[in-house]
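Please look at the sequence and the three-dimensional structure shown here before reading on.

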Amino acid sequence: MSNNNKNSQGQKGDQEPFGRKTTDQRQGVDAQQANAREQVIKRKRMASLIRTVLFIFILLLMLFLATETFGVGTLSSISGSVRGFINNISPGDGYPYRISSSSVKSMDMISSNVILLTNNSTVLLDSTAKEIAKIQHTYASPSMTVKNGRAIVFDRGGTRYMIVSQNGLISEGETKNKILTCDAGKSGNIAIATLGDDAASVLTVYSGNLSKVIFQWVCYSESIVDVSLSDDGKSAAVVVVGANQGEVVSKVYVFFFDYMEALAVFEYQGTSMFDVNFIGKSTIVAMGDNVRSVIKNKTERQKDISYSTSTVMRYSKAENGYNAVLMSQYGSTNLNVLTVYNKNNNITFNQKLKNTIKNIYYNNKKIKILINNKIL
């Protein structure tokens, strides 16, 4: 019995060192396995990062190829979007934004960004009044038209132009003859009206990358002052101004690109038309120095609104057909009436203002006013 007990105790004693050795070995194995798992996780993370970078690279490459092929934008617009994202990390000081009102030629918006055209630059401001981009120019008579997230900034009476997105410059170009006016369509096409070699003016409508002529109209006796493209890219409304027996006469031509002849022509005696705007596919709003005209279904002229008792000082159009009109009463620049119309010629806002207003901009139910060297 005692020998058996001793043997049993001896066996147990012999097992204890063996048991401790097994635990150490298991701890070593566990550490190796944990290290191996950690290495696997690191490799997976690295592989995932590489896949993400490759995916972004391929996506950007596809976007670049698509925009170059279909004329929607260029590599600069893609890099501009990246810059815009980075710029949004640090906001500006907020509005009012201080600027010399005498240097501002035009004011508009591209998406949520304000675009200012000055005597020597194009300035883009985000919603916090931070400068996203400042593009210098040397245009003698800078002008601008904005639609569908793009602005065409051009030298009226010159031959140079640039296309700008909400983040900066997309491209620059030059025409053979002097530019009268331009427009950017929602479908991506671009209209440029110039002087003609043997005519008063010529309208040319290009594809988005200006590589193909979609439509061309030669106006032999009248000067084109404004043009607007329909949202579907199939039609254009053109304003021309001429004279008849010493009296100014304006006309609005409506074209369908499948035909060379005008679909409709509307005449305005004693009116200097200066703006036309296609609303959607078929509604047209035309603005003159003493009249506002709405044309439905491209051919049906509605009852005009007359401004015979006031002088139109400033005008701003929105893409949805709403327009803000600033009129002075009795010829006084300090006694103004600001009125907003919808596309049916109904008044939706009306207010008197006792300030000298340099410029106005209306969009998305908000009006921006350039006054006293600041934007409100």
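## About the model

This is a predicted model, in which local features need pLDDT of at least 70 and side-chain atom pairs count only at pLDDT 80 or more, while totals for chains, interfaces and linings use all residues. Residues are numbered from 1 along each chain as its sequence is written, and side-chain values use heavy atoms, with hydrogens and water left out.

## Strand β19 and its partners

Strand β19 covers residues 283-288; strands (E, at least two residues) and helices (H or I, at least four) are DSSP runs, numbered from the N terminus. Six bridges join β19 to strand β18 (residues 273-279), and these two run antiparallel; two strands are said to pair if DSSP finds at least two bridges between them. Asp 275 has Met 287 in β19 as its bridge partner. Three residues lie between the strands in the hairpin of β18 and β19, where Gly 280 takes a positive phi near 70°.

With strand β20 (residues 291-296), β19 pairs in the antiparallel sense over four bridges, and the two form a hairpin with two residues between them. Here the bridge partner of Met 287 is Arg 292 in β20.

## A covered strand

Six of the six residues of β19 are buried, where buried means under 20% relative accessible area, exposed over 50%, and partly exposed in between (1.4 Å probe, protein chains only). Thr 283, Val 285 and Met 287 are buried on one side, and Ile 284, Ala 286 and Gly 288 on the other.

Gly 288 counts as buried because its relative accessibility is 0%. Leaving aside neighbours within four places in sequence, Gly 288 is in contact (heavy atoms within 4.5 Å) with Thr 271, Ser 272, Met 273, Phe 274 and Val 312.

## An open sheet

Four strands form an open sheet in the order β1-β29-β28-β27, with antiparallel pairing. Its edge strands, β1 (97-98) and β27 (359-363), each pair on one side only. Five bridges join β27 to β28 (residues 366-371), and Asn 363 has Lys 366 in β28 as its bridge partner.

Leu 54 lies in helix α1 (residues 2-70), and it counts as partly exposed because its relative accessibility is 48%.
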